[in-house]
Amino acid sequence: MNTVNHSVITVNNIEVHIDRKDIKNLHVGVYPPYGRVRIAAPLHIDDEAVRLAVISKLSWIKKQKDSFENQPRQSKREMVSGESHYFFGKRYLLNVIIGSSKHKIVKNHSKLELHVRANTSIENRQKVLNDWYREELKKEISKLIPKCEKLVNIKVNSWEIKKMKTKWGSCNIENKKILLNLELAKKSIENIEYIVVHELVHLMERHHNDNFKKLMDKFMPNWRERRDELNSGVLENY
Ligand SMILES: [Zn+2]
């Protein structure tokens, strides 16, 4: 593996992620699901040269970004066999098994078996999966919370898993309570851990300021990589 170093610049209000690698040519990409702009640049090219490259491609980049922003964020799931679903950062194929037993999910190697009765609606199939995600995420977070509390040296009074539209997590500083998005069940443990540490650090620093970043650097030196991976949405490409 080549060593990669990562930096972020802003060009015309667009956040541009630059990865420098041992490559020959500069490559500009706009990625789903959120239209993230990423530049793969040769090691010798500086930020200013990247900025110029971005400016020269600005109209193309904007067009790409618009097309993602106008798309639904996730392709509509039909909850049928063969569909990809993610669990803790890994891709699984759904295998629908019609039977008369209780509705449930069984993880079987690279498959998620969805046991349902005949004629179960898409919504109810989705609910079976979401209930399972919630249970599994709860178990994982019960282990992560004490681990992260120790790391950051602060304790929460309570935590809860919630369906949230726009955030991975949030916290109530006064009540020392943190909320975690159910969608995290699809992400890797490292990325979930990043969110838990992020919310714990908020109990000491409300804003995403330099102090916040300093604390994150101290407790989780590779938090930027984890954050970028979490937000890259690469895993959401079916
Ligand atoms: Zn935050």
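Reader: Which residue in E2 stands opposite Ile-9?

Author: The model under discussion is a predicted one. E1 and strand E2, residues 14-21, pair in the antiparallel sense over seven bridges. Within this pairing, His-6 stands opposite Asp-19. For Ile-9, the residue opposite in E2 is Val-16.

Reader: In the hairpin of E1 and E2, which residue takes a positive phi?

Author: The hairpin of E1 and E2 has two residues between the strands. A positive phi near 50° is taken there by Asn-12.

Reader: What is the bridge partner of Val-16 in E4?

Author: Strands of a sheet pair through backbone hydrogen bonds, either parallel or antiparallel. E2 and E4 pair in the parallel sense, over six bridges. In E4, Val-16 has as its bridge partner Val-37.

Reader: Why is one side of E1 and of E3 left without a neighbour in the sheet?

Author: Four strands form an open sheet with mixed pairing, in the order E1-E2-E4-E3. Strand E1 (5-11) and strand E3 (27-31) stand at the edges, so one side of each has no neighbour in the sheet. The reason is that each of these two has a single partner strand.

Reader: By what angle are neighbouring strands of this sheet turned against each other on average?

Author: The value is an average over neighbouring strands of the sheet, with direction ignored. It is 25°.

Reader: Which helix packs on the sheet?

Author: The helix in question touches E1, E2, E3 and strand E4 (36-42). Its direction makes about 50° with that of E1. It comprises residues 47-56 and is helix H1.

Reader: Which element gives the most to the largest nonpolar core?

Author: This core has 21 residues, of which Leu-184, Ile-195, Val-196, Val-197 and Leu-200 touch the most other members. Helix H3 (122-152), strand E11 (177-181) and helix H4 (189-202) each supply at least two of its residues. With seven residues, the element that gives the most is H4.

Reader: Which residues does Val-197 touch, not counting residues up to four places away in sequence?

Author: Val-197 is one of the residues that touch the most other members of the largest core. With residues up to four places away in sequence left out, Val-197 touches Cys-148, Leu-151, Val-152, Phe-219 and Met-220.

Reader: How many residues form the second, separate core?

Author: Val-16, whose bridge partner in E4 is Val-37, is included in this second core. Val-30, Val-50 and Ile-61 are also included. The number of residues in this core is nine.

Definitions and conventions:
Residues numbered from 1 in each chain as written. Predicted model: local features only at pLDDT ≥ 70, side-chain atom pairs only at ≥ 80, totals over all residues. Pairing = 2+ DSSP bridges. Axes fitted to C-alpha atoms, helices over the stretch in contact; angles between N-to-C directions. Contact = placed C-beta atoms within 7 Å. Core = buried A, V, L, I, M, F, W, Y, C linked by C-beta atoms within 7 Å. Buried ≥ 20, exposed ≤ 12 C-beta atoms within 10 Å, placed from the backbone.
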